[in-house]
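Q: I have a model open and would like to talk through a few places in it. Could you take my questions one at a time?

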Amino acid sequence: MCSIDVAASSVSSMYSATDVLKNRVGVYMETTKKFLGLTCQKILKVGRDDPRRAIHSVKVGLSLTLVSLLYLLEPLFNGIGQNAIWAVMTVVVVLEFTAGATLCKGLNRGLGTLLAGSLAFLFEYIARETGKVFCAIFIGALVFLIGAMSTYLRFFPTVKKNYDYGVIIFLLTFNLITISSYRVEDVLKIARERLYTMAIGSGVCIVMSLFIFPNWSGENLHNFSVSKIEGLAKSIEACVNEYFSDRETNVGKDNSMEDPIYENYKAVLDSKSTDETLALHTSWEPRHSWHCDPIPWQQYVKLGAVLRHFGYTVVALHGCLRTEIQTPKSVRLLFKDPCTRLATEVSKALMELADSIRNRRQCSPEVLSDHLHQALQDLDTALKSQPRLFLGPNGPNNTANMLALVAETTRLKPEKQLSSVKTESSALYEWKSKRVSKQLEVEGRFLRPTLSKIAITSLEFSEALPFAAFVALLVEAVAKLDLVIEEVEELGRIACFKDFDDHVIVDVDEKSKMEINLPSDPVE
């Protein structure tokens, strides 16, 4: 009987272990399936966001396949030799996402290799006529001198900006050929094969970048400027709408990473390095447009600087939504309509500027429309209609209220009372005199409200201060809008944008409008 029980228990334990193993395998399979699904979604999202990434990947793979034939095919390998691998390395290093970046690296690499090879061959010819010992000393001195001079040359701003990669390649190739010449007899062959493989690799990269689905840095710079202006337009309108919305804001909490307003202007604040890099690569690109018009990359950089200054104002507006002291909603509602209209007109003007750059046409002469000036006038009228809200009453009540609040605060902690609160000046003097001694008291460690904070909370007009700052920043945005318009107009003039086509807008109702395009003179 006991043996039967033992067998039954062993069978049950075996079944339970099997069930646990099946559950673990099922959980593992489910986790693996979810991981593979998320990975596939991310891969597809990267290609869906910008299909040029997938095209560039195919171009890199095709280029590597072509240059690898130099190593794989016997006739080509016999003609070039072991140095064929340098062509593969050149493709890996030189082929970039945009044509301008590829040209910049390719031409720098070619110039650096050619100059280093010529110089190394000349010095090797000089050293060949001397003895073995003097040749070693001469090569060591050359390596030191060229290395020091080349490195120092990289600190010059112009060289650092345009030719830094070429100087690195020059230094690498010169040392490779010069040092190898001490042990290898035919150094000219090394230099020639190095130059051939570099030329083949760079040529494949340039052909792939310029003629097979080219991706121009100038176009990227152009589109990036448009997206920055549109992001600012959306941010400033969203800031005003959220400021006057009915829902509660999380005061003091930093949710910037999840805030769509922050996402819209973030690209503008971080655009300095991107603008300069795209502008540098654009300067290397040939004219590729239909009319071969120049790309004023310097003007795009200036426009980016003006947009960043405009973005700082938007950041300050966004900060008004998270201030500790907030104006009551009843006060905000008094000025909701003029502020909303003003923000809408500023957003419309920015959208018009972005549309003009996108379509490569001059911006509308009425980009600063009468509606914007009328919105400013309405806001000014609304502010003047409430003078006491911002100026406050002039009388002794403010000081009396402040002193009463001080007395009430100190009464809650009798061991820390001020001996007397007769006037504002005497209270301030005694507060300063006891500040040091109270910091040394261990038993009295607590944060007291400072006199300045008590005064702020007691003043009758303090609740209107945040709104006054918000309005001032909104008006500042209108003032900086003029600078943005000037840079966009200058960009259109230098880039030879087509003239603006006049149009008439006919009001049908409040929500729908019809545009009728009128013929204009053709652009010469």
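Q: Is threonine 113 buried or exposed?
A: In this predicted model, threonine 113 counts as buried because its relative accessibility is 3%, where buried means under 20% relative accessible area, exposed over 50% and partly exposed in between, with a 1.4 Å probe and protein chains only.

Q: And which helix is threonine 113 in?
A: Threonine 113 is in helix H5, residues 99-128; helices are DSSP runs of H or I of at least four residues, strands are E runs of at least two, and both are numbered from the N terminus.

Q: What does threonine 113 touch?
A: Not counting residues up to four places away in sequence, threonine 113 touches Ile169, Thr173, Arg194, Leu195 and Met198, contact meaning heavy atoms within 4.5 Å.

Q: Before we go on, what are the ground rules for the numbers?
A: Residues are numbered from 1 along each chain as its sequence is written. Local features need pLDDT of at least 70, side-chain atom pairs count only at pLDDT 80 or more, totals for chains, interfaces and linings use all residues, and side-chain values use heavy atoms, with hydrogens and water left out.

Q: OK, helices then: how do H6 and H8 cross?
A: The axes of H6 (residues 132-153) and H8 (residues 164-180) come within 10 Å and cross at roughly 175°, the axes being lines fitted to C-alpha atoms over the stretch in contact, with angles from 0 to 180 degrees between N-to-C directions. H6 and H8 are therefore roughly antiparallel to each other, a term for angles over 145 degrees, while under 35 is roughly parallel, 65 to 115 roughly perpendicular and the rest oblique.

Q: Which residues make that contact?
A: On the H6 side they include Ile139, Leu142 and Val143, and on the H8 side Val167, Phe170 and Leu171 are among them.

Q: How many of the residues of the contact of H6 with H8 are nonpolar, polar or charged?
A: They divide into nine nonpolar, five polar and no charged, with Ala, Val, Leu, Ile, Met, Phe, Trp, Tyr, Cys and Pro as nonpolar, Asp, Glu, Lys and Arg as charged, and the others, Gly among them, as polar.

Q: Switching to histidine 56, where does it lie, and what does it touch?
A: Histidine 56 lies in helix H2, residues 51-72, and touches Leu95, Glu96 and Phe97, not counting residues up to four places away in sequence. Histidine 56 counts as buried, at 15% relative accessibility.

Q: Last one, arginine 332: buried or exposed?
A: Arginine 332 is buried, with a relative accessible area of 11%, and its place is in helix H14, residues 329-332.
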